[in-house]
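Dear colleague,

I am passing the structure below to you for your work. My findings follow it.

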Amino acid sequence: MKYLITGGAGFIGSHLSEELLKQGHDIISIDNFNDYYDPLLKQKNYASVQNTAKENGCFYMLYKGDIRDKKIIEEIFSKHSIDGVVSLAANAGVRPSIQDPLYYVDVNLMGLTNLLEASKKHNVKGFVFISSSSVYGNNKKVPFSENDIVDNPISPYAATKKAGELLCYTYHALYDMNIACLRYFTVYGPRQRPDLAINKFTRLMLENQPIPMYGDGTTARDYTYVSDIVDGTIKALNYVSKKDKHIYDIFNLGGSHPISLRDLINVISNTMNKKAVINQLPMQAGDVDMTYSDYSHAKEILNYEPKIRIEEGIKQFIEWYMRTQR
Ligand SMILES: NC(=O)c1ccc[n+]([C@@H]2O[C@H](COP(=O)([O-])OP(=O)(O)OC[C@H]3O[C@@H](n4cnc5c(N)ncnc54)[C@H](O)[C@@H]3O)[C@@H](O)[C@H]2O)c1
């Protein structure tokens, strides 16, 4: 199969591309290498995917371009016979979306619509849209289930993800495209974005700097290791690639084991055998109190079952960090 992975030089996109190449698929990718974080890190991810393609004898081509650019998207779809799309490219930060909502709406919704249009035009049946647990806002009921009402996003980022799910439904209804929307719960592991907590805390601890803790440390996140996320995403891609089906579905991909911010800092500190100095700060606007996934739907339909628990995942992340980032 030949798949288009958008955002393929990013944290999750590079892991997903590598795993699909190892499974013998061909990959077309697009990434604009923006400077939300150091583009050099994305270049390294890209180089690693290139190596994996070479090792596995598979076709791999990355277009340096923007998903909002109709010309380049049309070029990709008309040159390559795409069997399925995974739409990862997006502006991904919660807090920055409050500073620049127009940019978030532009990339996350105009870019997505551009891809849906091209997929429709070129009869691509299977489409996977990457949504986020942030659509649940400050949902009081835990764990979060796909049947919960998600009409109260508390950041522009979260609102674009919810709107993206709606756009996907429209393309499914109008053009019978098979679409799965995956609500990822905080993803971590090697190559994690440097703005995310585990990566940032590890760096600060190594530099003997205090760790900013927003709130009293009781906010909690359901962390999901990147290999589990990749596994669930590929299962969803296989599911929507079934030509004889009519699929629109939403799946939580999480770990179902939320951990408080204070406990997370303790796990990192114990793994590094280093005492953490904490700088307590007020809660940030847009941050939710807790995320907690009920992934029973993904388990039932996709056979998704996360394997890596937080202690093991943090250990693997820190080993990677010490090996490559110092
Ligand atoms: N990391 C998480 O915890 C998490 C949680 C929930 C959802 N997600 C979603 O998963 C996806 C990937 O996240 P990530 O953590 O790998 O982020 P990332 O920033 O590492 O990857 C996104 C990639 O998309 C590219 N990109 C951004 N705008 C683009 C554009 N206009 N055109 C082409 N490329 C563009 C970036 O250069 C980047 O390489 C995003 O959609 C994000 O919202 C991530």
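L264 touches A197, I198, F201, Y223, I259, I310 and I314, leaving out residues up to four places away in sequence. Please note that the model is a predicted one.

L264 is also among the residues with the most contacts inside the largest nonpolar core, together with L182, Y184 and I268. That core has 64 residues, and its largest share, eight residues, comes from helix α8 (residues 226-240).

**Packing of α7 and α9**

Two packed helices are described by the angle between their axes and the distance between the axes. For helix α7 (residues 197-206) and helix α9 (residues 261-272), the angle is about 50° and the axes are 11 Å apart. The two helices are therefore oblique to each other, and the crossing of α7 and α9 is right-handed. On the α7 side, the contact is made by A197, I198, F201, T202, M205 and L206; on the α9 side, by L261, L264, I265, I268, S269 and M272.

**Helix α1**

Helix α1 (residues 11-22) has 12 residues, which at 1.5 Å a residue should span 16 Å. The C-alpha atoms at its ends are 17 Å apart, in agreement with that expectation. Of the 12 residues of α1, 10 are buried, so the helix is largely enclosed by the rest of the structure. The buried residues are F11, I12, G13, S14, H15, L16, S17, E18, L20 and L21. After α1 comes G24, with a positive phi near 95°.

**Two individual residues**

Is Q192 buried or exposed? Its relative accessibility is 2%, so Q192 counts as buried, the cut-off being under 20%. Q192 is found in the loop between β7 (187-188) and α7. Apart from neighbours within four places in sequence, Q192 is in contact with F11, V187, I198, N199 and F317. One of these, F11, is among the buried residues of α1, and another, I198, takes part in the contact of α7 with α9.

M110 lies in helix α5 (residues 101-121). With 52% relative accessibility, M110 counts as exposed, since the cut-off for that class is over 50%. Not counting residues up to four places away in sequence, M110 touches R68 and V105. The C-alpha atoms of M110 and D69 are separated by 9.6 Å, and the two residues are 41 residues apart along the chain.

With kind regards

Conventions: Residues numbered from 1 in each chain as written. Predicted model: local features only at pLDDT ≥ 70, side-chain atom pairs only at ≥ 80, totals over all residues. Heavy atoms only, no water. Core = buried A, V, L, I, M, F, W, Y, C linked by side-chain atoms within 4.5 Å. Buried < 20%, exposed > 50% of the residue type's maximum accessible area, 1.4 Å probe, protein only. Helix = DSSP H or I, 4+ residues; strand = E, 2+ residues; numbered from the N terminus. Contact = heavy atoms within 4.5 Å. Expected span 1.5 Å × (residues − 1). Axes fitted to C-alpha atoms, helices over the stretch in contact; angles between N-to-C directions. Parallel < 35°, antiparallel > 145°, perpendicular 65-115°, else oblique. Left-handed = near helix turned anticlockwise from the far one by under 90°.
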